[in-house]
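Dear colleague,

Please find below the structure that I am handing over to you.

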Amino acid sequence: MKKIILPLILILGAGSLSAQDATTEPVGFNKVVCLAGSDTIVSVPFKDSTNSITGTIIGTPTASGAAPNDIATIGVTGFPAGTYNEAYYVHFLTGNLQGGVFQVSSNTATTLLMHLHGEDVAQLTAGDTFKIYKFWTLGTLFPAGNTAIVESASTLPFQRKTEVLLYDRTGLGINRSVSKIFFQIAAGWIDNDGLTGADDTIVWPDSPLIIRHKTGADTTFIAKGIANIQPESIPLFTSATSSRDNIIAVPRPVPVALKDLKLISSGAFLASSGQLPFNRKDLLLIFDNASANQNKSPSLIYFHDGTNWIDNNGLTIADDELLSPTQGIIIRKVASTGAVTTFWDLPQFATAP
């Protein structure tokens, strides 16, 4: 892994990022105010450091099973046997799958098994480097007594206070409803569907979540951990028949200008053929967390005309507009023959954009 040198303290809009030296991963935090009676769309551009470990593929990986449960067997060395399971994920730092995230299955001291999620095992080769991190879960993001969630008095609907809503990343269509709703009581997190324990519910690194305060006062969500400055490769799904919303997390812990997103240069975002509505292709939708509403509509919509990012409202150039860290966004992909998947590839960066 390339060593990163960051300023000792890099001040963010609502948090900070710091690194002790060139050999340590920078850590930091961001704060987001969650308004009472409102939906706040947040993400976590930080990693959980629990049992994290760096590895290199040894030998030729093999595959077994069929997608989406296909498994790759990877040779490694010096791993603590039995430590890694489906609560962890592999983040590739180099190789053909650089930036990709894959869920772990299990490990021994010399072997790592991971879910391929339909990828070709031939994309993995000896010498590829990766790091394993633990998934954030509802229980680790929001432990008892956290500053973001107002605990519910019981599982009864009228006694619920704050809910956390998750989307299905692979869902079809636009303006989709959430797929899962959770709330927290004294005993822990509860799945709204079956009223079962949900502390171990995984939050994928590229997925945002909604903190919904039904009533009460404002709270503060604090995202913290290892700063996500590594290469990222985020899949963006299309549909053959209609536009499709990709509800994703802003993948960086610092503000990023639209021109620095690499959406166009990576080939992940289809530029429009002109500024007229019927010429528009892919869209970038932003939500305003300072507006106190539930089931919000996007507050800003951008498209790219092949040269610049354009604000859909005033048709003004918006290249320097910033995406806030710890934010959730929608990339609305126009219909595509064959329902192809593109990848938003972001390189590792050494300084704030």
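Two strands are taken to pair if DSSP finds at least two bridges between them; strands (E, at least two residues) are DSSP runs, numbered from the N terminus. This is a predicted model, in which local features need pLDDT of at least 70, side-chain atom pairs count only at pLDDT 80 or more, and totals for chains, interfaces and linings use all residues. Residues are numbered from 1 along each chain as its sequence is written, and side-chain values use heavy atoms, with hydrogens and water left out.

The open sheet comprises five strands in the order 21-27-23-24-25, with antiparallel pairing. Its edges are strand 21 (244-249) and strand 25 (309-311), each of which pairs on one side only. Strand 21 is joined to strand 27 (residues 328-333) by six bridges, and the two run antiparallel. Within this pair, Ile 248 has Ile 329 of strand 27 as its bridge partner.

Elsewhere, strand 4 (residues 39-42) is covered on both faces: Asp 39 and Ile 41 on one side, and Thr 40 and Val 42 on the other, are all buried (under 20% relative accessible area, 1.4 Å probe, protein chains only). Strand 4 runs antiparallel to strand 18 (residues 209-213), with four bridges between them. Opposite Val 42 stands Leu 209 of strand 18.

Which strand gives the largest share of the lining of the largest cavity? That share, three residues, comes from strand 5 (residues 46-56). The lining divides into twelve nonpolar, three polar and three charged residues.

Yours sincerely

Conventions
Buried < 20%, exposed > 50% of the residue type's maximum accessible area, 1.4 Å probe, protein only. Nonpolar A, V, L, I, M, F, W, Y, C, P; charged D, E, K, R; others polar.
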